[in-house]
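Have a look at the model first, then read on.

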Amino acid sequence: MCGRYYIDDGEDQAEMLRILAAANEGYRGKALASKLKTGEIFPTEVVPVVAAVPDRGDTASVQLMQWGMLSRDFGRVIINARSESAAEKPMFHQSVRQGRVLVPASNFFEWRKQPDSKRKTRVCLGVPGADFFYMAGLWRSERLSPADAEKLYDEPVTEAVINRFVIITMAASEWMSSIHDRMPLILTREAGQRWLFDTEAALAILANPLASPLAACDRII
């Protein structure tokens, strides 16, 4: 999966508008609120996600998080986690069990290789008949270096912690395989609830992910 997706705050998307309104209200007056991004989303940008509230049963809240976890082993930002290995990888092991999120989107983008050419074409993809969907994700808290904190908040910050997330990807469906060999793990509303609140169910989803139907969207690229 490529490193960008789309959050559309159009009037026809009531659920997305509700999420954005909750993010604006929950972070009113906080520095992170000024970094909230809609439209086309790129790695390291701050977006709303839905996460379980600790010790509150089946209660979820909208939180602002930054896309991409820092891998200190590789010295770069990791934006995706593979469904096949996330539960066992040291970087994601704890998040699979205690840090699962739903990432809202309207569409996502991927690059299609052209036969007999090095050129690639960017394709906009979405769920047929749906203006809005959730992708499965994982999150964790990370301490920012002073330089990264200043870059994020536009002012000197001596110490800061931010929540960061990755998107779960799975092997591409037969339809998607003509474009790319991976696709995001997209969840139905019912599966999304199990992903957030039931660790055993989340492990089962990772072990046997179901490919969502996809189609090219009509967004101009």
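## Charges over rings

Lys30 sits over the face of Tyr27, 5.4 Å from the ring centre. Keep in mind that this is a predicted model. There's another contact of this kind at Phe109: Arg122 lies over the face of that ring, at 4.4 Å from its centre.

## The aromatic cluster

Searching the whole structure turns up four aromatic pairs. One of them is Tyr5 with Trp67, an edge-to-face pair with 5.0 Å centre to centre and 65 degrees between the planes. This pair links distant parts of the chain, since Tyr5 belongs to strand 1 (residues 5-7) and Trp67 to strand 4 (residues 60-67), 62 residues apart. Tyr5 is buried, at 0% relative accessible area, and Trp67 counts as buried too, with 0% relative accessibility.

Trp67 also pairs with Phe165: the ring centres are 6.4 Å apart and the planes are at 10 degrees, so this pair is stacked. Phe165 lies in strand 12 (residues 160-171) and Trp67 in strand 4, so the pair ties together parts that are 98 residues apart in sequence. Phe165 has a relative accessible area of 0%, so it's buried. Put together, Tyr5, Trp67 and Phe165 make one aromatic cluster.

## The buried side of helix 4

Over in helix 4 (residues 189-197), the buried residues include Ala191, Gly192, Trp195 and Leu196. Why are they on the same side of helix 4? They cover an arc of only 135 degrees around the axis, and that puts them on the same side.

Terms used
Residues are numbered from 1 along each chain as its sequence is written. This is a predicted model: local features need pLDDT of at least 70, side-chain atom pairs count only at pLDDT 80 or more; totals for chains, interfaces and linings use all residues. Side-chain values use heavy atoms; hydrogens and water are left out. Buried means under 20% relative accessible area, exposed over 50%, partly exposed in between (1.4 Å probe, protein chains only). Helices (H or I, at least four residues) and strands (E, at least two) are DSSP runs, numbered from the N terminus. The arc is that of the directions from the helix axis to the C-beta atoms. Rings of Phe, Tyr and Trp (its six-membered ring) pair if their centres lie within 6.5 Å; planes under 30 degrees apart count as stacked, over 60 as edge-to-face and the rest as tilted. A charge sits over a ring if NZ of Lys or CZ of Arg is within 6 Å of the ring centre and within 35 degrees of the ring normal.
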